[in-house]
Amino acid sequence: MAALRRARRGAGSGLCRTLRALSGKKNEYDLLVIGGGSGGLACAKEAAQFGRKVAVLDYVDPSPQGTTWGLGGTCVNVGCIPKKLMHQAALLGSALKDAHHYGWNIAQPVHHTWSVMAQAVQNYVKSLNWGHRVQLQDKKVKYFNMKGSFSDPHTVRGLTKAGKETIVTADNIVIATGGRPKYPTHIAGALQYGITSDDLFWLKESPGKTLIVGASYVSLECAGFLTGIGLDTAVMMRSIPLRGFDQQMASLVTEHMESYGTKFLKRCFPTKVEKLESNRLQVTWKNTDLGTEETDSFDTVMWAVGRAPDTKTLNLETVGVKTNSETGKIIVDASEATSVPHIYAIGDITEGRPELTPTAIAAGKLLAQRLFGQSSELMDYDSVPTTVFTPLEYGCVGLSEEAAVQCHGSDNIEVFHAYYKPLEFTVAERDATQCYMKMVCLREREQRILGLHFIGPNAGEVIQGFALGINFSLRDVSD
Amino acid sequence: MAALRRARRGAGSGLCRTLRALSGKKNEYDLLVIGGGSGGLACAKEAAQFGRKVAVLDYVDPSPQGTTWGLGGTCVNVGCIPKKLMHQAALLGSALKDAHHYGWNIAQPVHHTWSVMAQAVQNYVKSLNWGHRVQLQDKKVKYFNMKGSFSDPHTVRGLTKAGKETIVTADNIVIATGGRPKYPTHIAGALQYGITSDDLFWLKESPGKTLIVGASYVSLECAGFLTGIGLDTAVMMRSIPLRGFDQQMASLVTEHMESYGTKFLKRCFPTKVEKLESNRLQVTWKNTDLGTEETDSFDTVMWAVGRAPDTKTLNLETVGVKTNSETGKIIVDASEATSVPHIYAIGDITEGRPELTPTAIAAGKLLAQRLFGQSSELMDYDSVPTTVFTPLEYGCVGLSEEAAVQCHGSDNIEVFHAYYKPLEFTVAERDATQCYMKMVCLREREQRILGLHFIGPNAGEVIQGFALGIKCGATYPQLMKTVGIHPTCAEEVTKLHITKRSGLDATVTGC
């Protein structure tokens, strides 16, 4: 398969280049990146470091609710950054409650004003949009605020919002268009009345009493901070929370959220969303445990039922870039190459990769180094550490306990674990019931660490350093 | 020297045991631990796990100001625990200021009541004292609240506060009596009017306007949280801050404290302390830079000029346990053995060891495992991570840049560094000028990491995990392969790429 790919790559690019050479046309850019998010920008800037002529196309289709944003992609505008800032706002709410135990004279309860937070967050994000534009300029990367689609393997047609067209040609093209939240369009009223994470961070007014449908980290993180800033928040889950994560840890996360004040509608799925005269939204759902139909009204309904790759308007079929028939994501090999020579893909758009900013950035940089530097280093997607920023955070690296059991057998693994109490919780009289950590190791002589899971404050800060040691011990053995 | 020791050990213990055997007397305990602190308790409990008969003596001489406390040692009572809790109180003060930027409706400024905090902290510490007593009971370790002194190499005389005497004999004795803050007794009024960290955490009333004399982490951490809870605080330093730590990092720490509101009296040393009619303390000091004499009044003067080993009343000379003539600390070898067979020492009392709870605990456990288990594993004191809990925390593991240069030569090391801004500081409009990290590596092929230094929030949490890899010989390329967790401060460590050598601007942007 790899051999076939290499042969095809050689043939295709040779033919195209020959045609161009014959016609006297050279590709305008060494590299064109479609998508100005975490992966795309990292790739473009790295390529520019090698003195290459690089262009980036970035374009944001407004959400169904009309939300749009600037350069930087999901992470900067509607992901990691605003999420973490709003999570911080919620954490500060807990800090305010702790403070009086520690001697601070504050009257409880303290109220939160959404618009103050939202404006501050939105302004910061805008400063990042600006910062990215300046960085591209500094590194002499050409930026087009245009929606790209393929005309041929080296030609992309860019369309501005106003409909103006620009043709861009490049020797190499990297698709990094990421994904957008899915709408459950089979549910009446879902598209019309619901919002997604694309909209939540840009709301000017408080979302009020909110229902979040979904069991992903997007759902839990958003529900967590909405609860933390004092909003009546419910999460509706059809089955298990945080699919793909260690399930014991996922349960502890949701248990904590319940004690924190988030309502959970477990084993329920919505059937319709209607608008009431009061402008509130009436949601009807089926409770599969009780076999009943239930209903309640909310100010906001947010769908967090997964993300879909943003490939529809790319025109991939025209150039033959193969996608996974089930997920729609672009199929790539270990070097991020697609089925078409000189067309690559990185980030959330790619099949089988983690949907994380740091992996997209790393993959983008390494790709640029392979294309334009002397490198042959491939991106290593194993043991990528990550953290779910729920009110009590969950950080992990390596295998879940289930995966380790599946991989090695329960007799061959040892799980070390501990329930602990953060010192800061003591004086604050905070409940540490779900503060827990476990380490999954092989049982045989060396006792190699397979995975580490930690729930508690600052979980990301805790886990990051361990990833260094756990990773290279894992790599050494697998070499 | 080691051979001599082994010979002596064999001879001495053989002789003593022979004498005892002849007289029909067996030692009452397998292990006696003098000192119920971090090291002592860990050692005792570990030995008890092996089914041994263990006793612990713990006693707290009241401080000159009369402060005393329960079982658990320095860390629990007058160190790590109350320190971190009061540091947390100060951090919450900053959080309160941040909160309105994030949409919380609080009226500023918010005031702090010392007694509420102190009572909560003191109550928590007392619960730990109780917890330790219960643990000893559960593990069947005999606990004596007595002050111990040696009669002979296997006999310790314990004295209660009331003067009641108990003789305890043991096959093995571990000295883990730790240290106490020094008083600069050559300064008039120092002993009479000043307090130390032994007293600060147990004050019932606010210390008010405070002068802390010293440049140690004790001084800076205490000054930091006092400033943070709103007290007028000054630090007086004769020379450099945080001696022994990386000096670039130490400067950033004190710079931050200055912008945070702590006053620094640099290159000054006090000459006398007098009590005023108002009950305030008048401190006179020399400013060595300006060659002037200055004076100011304070409610509290706290000495943080170092700690001295608690050996005076142990009667070490009687049994021949050798101490360092300069520091007074007990000299031990790699197995924590003293110059006397079957007498060991661990923790702050020992010469050349870090004065840290986790090293004392680890050393104590390993010692018990060597004495009573099948182990021969020695404590490894290399690459011990630590953190200074100043308002902006400083965590580190491995060599300082100076030490690396001294060890390997500046041509053979590469220092990667970055000024970064924690995401949470952005909306809060907080100054991140001193948020900085650097990694010192060998330059040659492998690029092994020699040291990592991080200033920022939650520095201890950030550094801890890296200590694993660094202790195992992690290299810069391995670090570069480690994917970051976004958004965190720790991920910036994995992205370090600008070298000091390049002279390039080391300010990094997050996203």
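1. Helices and strands in this note are DSSP runs, numbered from the N terminus; a helix (H or I) has at least four residues and a strand (E) at least two. The model is predicted. Ser151(A) belongs to strand β4 of chain A. Its relative accessible area is 35%, so it is partly exposed. Setting aside residues up to four places away in sequence, Ser151(A) touches Val156(A), Arg157(A), Thr318(A) and Val319(A). Phe372(A) lies 221 residues from Ser151(A) along the chain, and the two C-alpha atoms are separated by 24 Å.

2. Ser149(A) sits in β4 of chain A as well, a strand that covers residues 147-152. Is Ser149(A) buried or exposed? Its relative accessible area is 13%, under the 20% cut-off, so Ser149(A) is buried. Beyond its neighbours within four places in sequence, Ser149(A) contacts Thr155(A), Val156(A), Arg157(A), Thr313(A), Leu314(A) and Asn315(A). Asn315(A) deserves a look: 166 residues separate it from Ser149(A) in sequence, but the C-alpha atoms are 5.5 Å apart in space.

3. Next, a residue that contacts the other chain. Thr426(A) is part of helix α13 of chain A. It is buried, at a relative accessible area of 13%.

4. Phe454(A) has a relative accessible area of 9% and is buried.

5. Chain B shows charges placed over rings. Lys53(B) has its charged end over the ring of Tyr29(B), 5.0 Å from the ring centre. Lys142(B) does likewise with Phe144(B), at 5.4 Å from the ring centre.

6. Now the record for chain B. An unreviewed UniProt entry lists residues 29-364 of chain B as "domain: FAD/NAD(P)-binding". Across residues 29-364, chain B is 33% helix and 25% strand. The end C-alpha atoms of this stretch are 17 Å apart.

7. UniProt, again in an unreviewed entry, puts the feature "active site" at His486(B). Such annotations may be inferred rather than shown by experiment. Where does His486(B) sit? It is in the loop between α15 (476-481) and α16 (491-494) of chain B. His486(B) counts as buried, at 13% relative accessibility. Which side chain makes a polar contact with the side chain of His486(B)? That of Glu491(B) does, at 2.8 Å.

8. Check the backbone at His486(B) too. Most peptide bonds are trans. The bond from His486(B) to Pro487(B) is cis, with omega near -5 degrees. Pro487(B) is in the loop between α15 and α16 of chain B. Chain A has a cis bond from Gln108(A) to Pro109(A), with omega near -10 degrees. Pro109(A) is placed in the loop between α4 (80-101) and α5 (114-138) of chain A.

9. Phi angles next. Most residues other than glycine have a negative phi. Ser383(A) is not a glycine, yet its phi is positive, about 50 degrees. Ser383(B) has a positive phi of about 50 degrees too. Ser383(A) lies in the loop between α11 (357-372) and β17 (386-388) of chain A. Ser383(B) is found between α11 (357-372) and β17 (386-388) of chain B, again in a loop. How does each count for burial? Ser383(A) is buried at 18%, whereas Ser383(B) is partly exposed at 24% relative accessibility. The cut-off for buried is under 20%.

10. Finally, the cysteines. How many disulfides does the structure hold? Zero, over all chains. For Cys441(A), the nearest cysteine sulfur is that of Cys472(B), 13 Å away. A disulfide needs sulfur atoms within 2.5 Å, and Cys441(A) is in none. Cys441(A) is buried, with a relative accessible area of 4%. Cys407(B) is in no disulfide either; its nearest cysteine sulfur belongs to Cys441(B), 14 Å away. Cys407(B) counts as exposed, at 55% relative accessibility.

Note on methods: Residues numbered from 1 in each chain as written. Chains lettered and ligands numbered in written order. Predicted model: local features only at pLDDT ≥ 70, side-chain atom pairs only at ≥ 80, totals over all residues. Heavy atoms only, no water. Buried < 20%, exposed > 50% of the residue type's maximum accessible area, 1.4 Å probe, protein only. Lys NZ or Arg CZ within 6 Å of the ring centre and 35° of its normal. Polar contact = N/O pair within 3.5 Å; in protein donor to acceptor, adjacent residues only side chain to side chain. Contact = heavy atoms within 4.5 Å.
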